[in-house]
Amino acid sequence: MKKYELVSETPDYTGKTLYRIRALRDIPEHGVTAGDLGGWVESESNLSQDYNAWVSGDAHVYGNARVAGSAHVSGDAHIYDDARVADNARVSGSACVYGDARVTGNARVSGNACVYDNARVSGDARVTDRARVSGDARVFSRACVYGNAHVYGDARVSGTVHVYDNVHVYDNVHVYDNARVTGDAHVSDRAQVYGDAHVSDRASVSGNAQVSGNAHVSGDVRVSGDAHVSGDARLPSRDSIFTASYVGTENGVLTVTSGVSGLVVKRGCFTGSVDEFLAKSKEFHDDRTHDEYRMLIEVAKSRISNHAVPDTDAEN
């Protein structure tokens, strides 16, 4: 038995004739009773006759787009081109999904948000307000993208991440765990932001840089190259970080930043205070390598204006 039929109302929309749908059976999951009018489709190929998928309100589905599974498209939402909304996904408000985009799982796209190109929003992810997800970007798990944020390129946003305000996350970036990217921040190239890290204001993270742990990068700070900001690092200004490349026996990167309780040193797997780092270096390295690190730490001390920075995240 069919789930719905096309009725005679046929407004001309973007050069296409769309038909309002009418339910032929109850769909309790979406509060639909047989005889209720739904939204608009161009043809039956736009809305599966199987399962409980529904289009309601003034929502429009057209082109080669398809709504299937138990998905629900409502409000003024527009689904078109070759887009798919499936499983238990919800698209509402004035949201749009188009191109080859997919919204699946228990994902929610609402407000004036748009998902397009080859983007994927899945899991329990939320995209709302005026946020955009495009390119080959993926937003999944329980990640939330909102405000005027834009996630694009090959970016991956997952975990319980919050990306909002006027943020741009793009290229091959991965933001995950419980991280936050806010303000006018940019995260690009192959950078990673994870743990409980926070990147805000006009800060940028690029290159192969990583921001992790409980670190907070703010102001107009630039974290780039192979720098790794971690622990309780606090970077409110550009003179809050010092990096040195090709150091130590492994020719690695030494990153020294201001922190809540003083300077934070990150080298390889080590994250800790200056004293802890030098003690470890003395224990495991030869005199020449230890002296190299000791001299670099002295340079870092002179370059970083404020060694200890208040924990503004905790105050907020």
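What follows is a friendly chat about a predicted model, its helix pair, its nonpolar cores and some of its loops.

Me: Hi! Is this model predicted or something else, and what should I keep in mind?
Reply: Welcome! This is a predicted model. Every value we talk about is computed from it.

Me: Let's start with the helices. At what angle do helix 1 and helix 2 pack?
Reply: The angle is about 165°, and their axes are 9 Å apart. Helix 1 covers residues 274–284, while helix 2 covers residues 287–303.

Me: Does that make them roughly parallel or roughly antiparallel?
Reply: Roughly antiparallel. Angles over 145 degrees count that way, so the angle of about 165° puts helix 1 and helix 2 in that group.

Me: And is the crossing left-handed or right-handed?
Reply: Helix 1 and helix 2 cross in a right-handed way.

Me: Which residues meet there?
Reply: From helix 1 you have Val274, Phe277, Leu278, Ser281 and Lys282. Their partners in helix 2 are His290, Tyr293, Arg294, Ile297 and Lys301. Sorted by class, this contact has 5 nonpolar, 2 polar and 3 charged residues.

Me: Switching topic: how many residues are in the largest nonpolar core?
Reply: There are 71. The members that touch the most others are Val91, Val163, Val169 and Val223. Strand 4 (19–23) and strand 6 (54–55) each give this core at least two residues. As a general point, nonpolar side chains tend to be buried together in soluble globular proteins.

Me: What does valine 169 touch?
Reply: Setting aside residues up to four places away in sequence, valine 169 touches His150, Val151, Tyr152, Ala155, Val157, Val163, Val175, Val181 and Val187.

Me: What is in the second core?
Reply: The second core is separate and has 16 residues, including Leu263, Val274, Phe277 and Leu296.

Me: Now the loops. What is the phi of aspartate 117?
Reply: Aspartate 117 has a positive phi of about 60°, although it is not a glycine. In general, most residues other than glycine have a negative phi.

Me: Where is aspartate 117 found?
Reply: Aspartate 117 is in the loop between strand 16 (114–115) and strand 17 (120–121). With a relative accessible area of 39%, aspartate 117 is partly exposed.

Me: What about aspartate 129 and its phi?
Reply: Aspartate 129 also has a positive phi, near 60°. Its loop runs between strand 18 (126–127) and strand 19 (132–133). Aspartate 129 is partly exposed, at a relative accessible area of 30%.

Me: Is serine 206 buried or exposed?
Reply: Serine 206 counts as buried, at 18% relative accessibility, because the cut-off for buried is under 20%. Serine 206 lies in the loop between strand 31 (204–205) and strand 32 (210–211). Leaving out neighbours within four places in sequence, serine 206 is in contact with Ser188, Asp189, Ala191, Val223, Ser224 and Gly225.

Me: Where is aspartate 171, and what does it touch?
Reply: Aspartate 171 is in the loop between strand 25 (168–169) and strand 26 (174–175). Not counting residues up to four places away in sequence, aspartate 171 touches Tyr152, Gly153, Asp154, Ala155, Ser188 and Asp189.

Me: How far apart are aspartate 171 and methionine 295?
Reply: They are 36 Å apart in space, C-alpha to C-alpha, and 124 residues apart in sequence.

Me: One more loop, please. Is tyrosine 176 buried or exposed?
Reply: Tyrosine 176 counts as buried, at 19% relative accessibility. You can find tyrosine 176 in the loop between strand 26 and strand 27 (180–181). Not counting residues up to four places away in sequence, tyrosine 176 touches Ser158, Val161, Gln192, Val193, Tyr194 and Gly195.

Me: How far is tyrosine 176 from serine 212?
Reply: Between C-alpha atoms, tyrosine 176 and serine 212 are 9.8 Å apart in space, and they are 36 residues apart in sequence.

Definitions and conventions
Residues are numbered from 1 along each chain as its sequence is written. This is a predicted model: local features need pLDDT of at least 70, side-chain atom pairs count only at pLDDT 80 or more; totals for chains, interfaces and linings use all residues. Side-chain values use heavy atoms; hydrogens and water are left out. Axes are lines fitted to C-alpha atoms, for helices over the stretch in contact, and angles run from 0 to 180 degrees between N-to-C directions. Helices (H or I, at least four residues) and strands (E, at least two) are DSSP runs, numbered from the N terminus. Angles under 35 degrees count as roughly parallel, over 145 as roughly antiparallel, 65 to 115 as roughly perpendicular and the rest as oblique. A crossing is left-handed if the near helix is turned anticlockwise from the far one by less than a right angle, and right-handed if clockwise. Contact means heavy atoms within 4.5 Å. Ala, Val, Leu, Ile, Met, Phe, Trp, Tyr, Cys and Pro count as nonpolar, Asp, Glu, Lys and Arg as charged, and the others, Gly among them, as polar. A nonpolar core is a set of buried Ala, Val, Leu, Ile, Met, Phe, Trp, Tyr and Cys residues joined through side-chain atoms within 4.5 Å. Buried means under 20% relative accessible area, exposed over 50%, partly exposed in between (1.4 Å probe, protein chains only).
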